[in-house]
Amino acid sequence: MKDQDVLSDGKTVWNIAKDIKEVQVTENEKDGSTIGPSNLFNFYQQGYKYVLMEDEKIVRQGKTEMAKVIELAPLDTKTNYFKIKLRVNKNNHIQDVTIFDKSGNRYTYAIESLYIGKHFDDSMFKFSKEKYKGI
């Protein structure tokens with residue numbers, strides 16, 4: 001969402017609501033059933049049934065291309081979601097992940113930029129009062 005940033009260093013998650021000038025700080029959940037920034041690229045490796053669906057068109061950086069679509073269903077029926085749609089672009093990178101929860105909501109994590117093999121300063125992944133003044 002445009003008024004929300006989520007930062008995580010793998011231990012702590014900062015959910016920053018810019019519109020109400022609030023930050024929620026929580027511990028990163030390690031239970032594997034929660035999908036978020038810390039496990040977005042490997043959550044699907046176990047605990048799911050897979051079905052390969054028809055390819056879909058995606059628009060990326062103003063260009064239309066085809067993406068492979070994989071639907072996942074959790075083996076654990078007690079999770080709060082019943083389906084996950086994973087779309088993989090032509091470079092075999094995750095384009096986006098849509099989570100369908102049992103209350104009827106959908107949550108999408110879209111990967112806009114991917115930097116493989118790059119080093120980033122640890123401070124990029126932590127909340128900073130200087131960067132978010134007034135929050």
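Accessible areas here come from the Shrake-Rupley method with a 1.4 Å probe, and for residues only the protein chains shown count as cover. On that basis, the chain exposes about 9,900 Å², with carbon and sulfur atoms supplying 49% of it.

Hello everyone, and a quick word on the ground rules. This is a predicted model, so local features need pLDDT of at least 70 and side-chain atom pairs count only at pLDDT 80 or more, while totals for chains, interfaces and linings use all residues. Residues are numbered from 1 along each chain as its sequence is written, and side-chain values use heavy atoms, with hydrogens and water left out.

Let's start with the overall fold. The chain has zero helices and nine strands; helices (H or I, at least four residues) and strands (E, at least two) are DSSP runs, numbered from the N terminus. In sequence order that reads β-β-β-β-β-β-β-β-β. Along the principal axes, the C-alpha atoms fill a box of roughly 45 × 40 × 30 Å. Of the 135 residues, 28% count as buried, where buried means under 20% relative accessible area, exposed means over 50%, and partly exposed is in between (1.4 Å probe, protein chains only). Taking contact to mean heavy atoms within 4.5 Å, we find that among contacts between residues at least 6 apart in sequence, 32% join residues at least 24 apart.

Now to the inside. A nonpolar core is a set of buried Ala, Val, Leu, Ile, Met, Phe, Trp, Tyr and Cys residues joined through side-chain atoms within 4.5 Å. The largest one has twelve residues: Ile35, Phe43, Tyr48, Leu72, Tyr81, Ile84, Leu86, Val88, Ile94, Val97, Ile99 and Ile111. Two elements, β7 (81–88) and β8 (94–101), each give two or more residues to this core, and β7 provides the largest share, four residues. Apart from it lies another core, of five residues, including Leu7, Trp14, Ile16 and Tyr132. As background, nonpolar side chains tend to be buried together in soluble globular proteins.

How many salt bridges does the structure hold? There are six, a salt bridge being a side-chain nitrogen of Lys or Arg within 4 Å of a carboxyl oxygen of Asp or Glu.

Please look at Arg87. With Glu56, Arg87 forms a salt bridge whose closest N and O atoms are 3.0 Å apart. Arg87 sits in strand β7 and Glu56 in strand β5 (residues 56–60), so this pair ties together parts that are 31 residues apart in sequence. Arg87 also pairs with Asp96, and there the closest N and O atoms are 2.7 Å apart.

A network of salt bridges links Glu56, Lys85, Arg87 and Asp96.

One further pair is Lys83 with Glu71, where the closest N and O atoms are 3.7 Å apart. This pair links distant parts of the chain, with Lys83 in strand β7 and Glu71 in strand β6 (residues 63–74), twelve residues apart. Lys83 is partly exposed, with a relative accessible area of 23%.

Ser8, in strand β1 (residues 4–8), is buried at 14% relative accessibility. A polar atom of the Ser8 side chain lies 3.2 Å from the backbone nitrogen of Gly10, and one lies 3.3 Å from the backbone oxygen of Thr12. Thr79 is in the loop between β6 and β7 and is buried at 9%. A polar atom of the Thr79 side chain lies 3.4 Å from the backbone oxygen of Asp76.

Let me finish on the surface. Phe41, Leu114 and Ile116 form a nonpolar patch with about 290 Å² of accessible area together. Patches are made of residues with over 30% relative accessible area and no salt bridge, with like charges joined within 9 Å and nonpolar side chains (Val, Leu, Ile, Met, Phe, Trp, Tyr) within 5 Å. Leu114 lies in the segment after β9 (106–110) and is partly exposed, at 38%.

Methods: A polar contact is a pair of N or O atoms within 3.5 Å; within protein, one must be able to donate a hydrogen and the other to accept it, and residues adjacent in sequence count only if both atoms are side-chain atoms.
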